[in-house]
Amino acid sequence: MMQILALGPLRWREREDREARALHGKLAELLAYLVVDALGGRPTSRSRLAGALFPDNPEAKARRLLSNLIYRLKQELGPAAGCVVATPDAVVLTQTTIDALELSRALSGGDAAAIDAALAHDQDD
């Protein structure tokens with residue numbers, strides 16, 4: 001299980017009892033795209049990622065660069081690497097909680113305790 005902290009600077013942590021860590025550069029951009037699509041409940045197309053992250057490269061090269069970037073992201077995530085699932089056509093976050101999604105659900109439900117808990121994640125570090 002991985003937790004994404006998207007309220008404020010984008011960070012991640014393997015478990016709640018671990019310090020949140022930031023990614024930088026293209027790794028942060030890749031994770032941001034994955035988070036946005038996860039919030040929408042959909043996988044992220046490799047073609048869209050390749051075009052967005054490497055717009056100045058031909059598609060074949062952009063897709064190779066994306067594959068390398070996904071590998072680097074998984075290396076960075078260590079034990080949480082299994083939360084990033086890549087297929088030939090898409091990349092998706094699994095077994096992941098996202099604080100922004102938790103907050104949205106809490107706001108929709110009007111649950112004050114859940115709202116406080118969702119907002120508290122951003123202040124844990």
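Glu-29 is partly exposed, with a relative accessible area of 35% (buried means under 20% relative accessible area, exposed over 50%, and partly exposed in between, with a 1.4 Å probe and protein chains only). The structure is a predicted model, in which local features need pLDDT of at least 70 and side-chain atom pairs count only at pLDDT 80 or more, while totals for chains, interfaces and linings use all residues. Residues are numbered from 1 along each chain as its sequence is written, and side-chain values use heavy atoms, with hydrogens and water left out.

Glu-29 has a charged partner: Lys-26 forms a salt bridge with it, the closest N and O atoms being 4.0 Å apart. A salt bridge here is a side-chain nitrogen of Lys or Arg within 4 Å of a carboxyl oxygen of Asp or Glu. Lys-26 is also partly exposed, at 32% relative accessibility. The two residues are three apart in helix α1, which means that about one helical turn separates Lys-26 from Glu-29. Helices (H or I, at least four residues) and strands (E, at least two) are DSSP runs, numbered from the N terminus.

Altogether, the structure holds five salt bridges. Asp-37, Arg-42 and Arg-48 are linked in a network of them. Is Asp-37 buried or exposed? At 3% relative accessibility, Asp-37 counts as buried, whereas Arg-42, at 43%, is partly exposed, and so is Arg-48, at 38%.

Attention now turns to how the helices pack. Two packed helices are described by the angle between their axes and the distance between the axes. Helix α2 (residues 46-53) and helix α3 (residues 59-77) pack at about 95°, and their axes lie 9 Å apart. Axes are lines fitted to C-alpha atoms, for helices over the stretch in contact, and angles run from 0 to 180 degrees between N-to-C directions. The two helices are therefore roughly perpendicular to each other (65 to 115 degrees; under 35 counts as roughly parallel, over 145 as roughly antiparallel, and the rest as oblique). From α2, Arg-46, Ser-47, Leu-49, Ala-50 and Leu-53 take part, meeting residues of α3 that include Glu-59, Leu-66 and Ile-70. The residues of this contact (heavy atoms within 4.5 Å) divide into seven nonpolar, two polar and three charged. Ala, Val, Leu, Ile, Met, Phe, Trp, Tyr, Cys and Pro count as nonpolar, Asp, Glu, Lys and Arg as charged, and the others, Gly among them, as polar.

Helix α3 also carries Glu-76, which is partly exposed at 33%. Leaving aside residues up to four places away in sequence, Glu-76 touches Trp-12, Arg-21 and Leu-23.

The strands complete the picture. Three of them form an open sheet in the order β4-β6-β5, with antiparallel pairing; two strands pair if DSSP finds at least two bridges between them. β4 (44-45) and β5 (84-86) stand at the edges with a single partner strand each, so one side of each has no neighbour in the sheet. Helix α1 (residues 25-39) packs on this sheet and touches β4, β5 and β6, its direction making about 75° with that of β6. Two bridges join β4 to β6 (residues 90-93), and Thr-44 has Val-91 as its bridge partner in β6.
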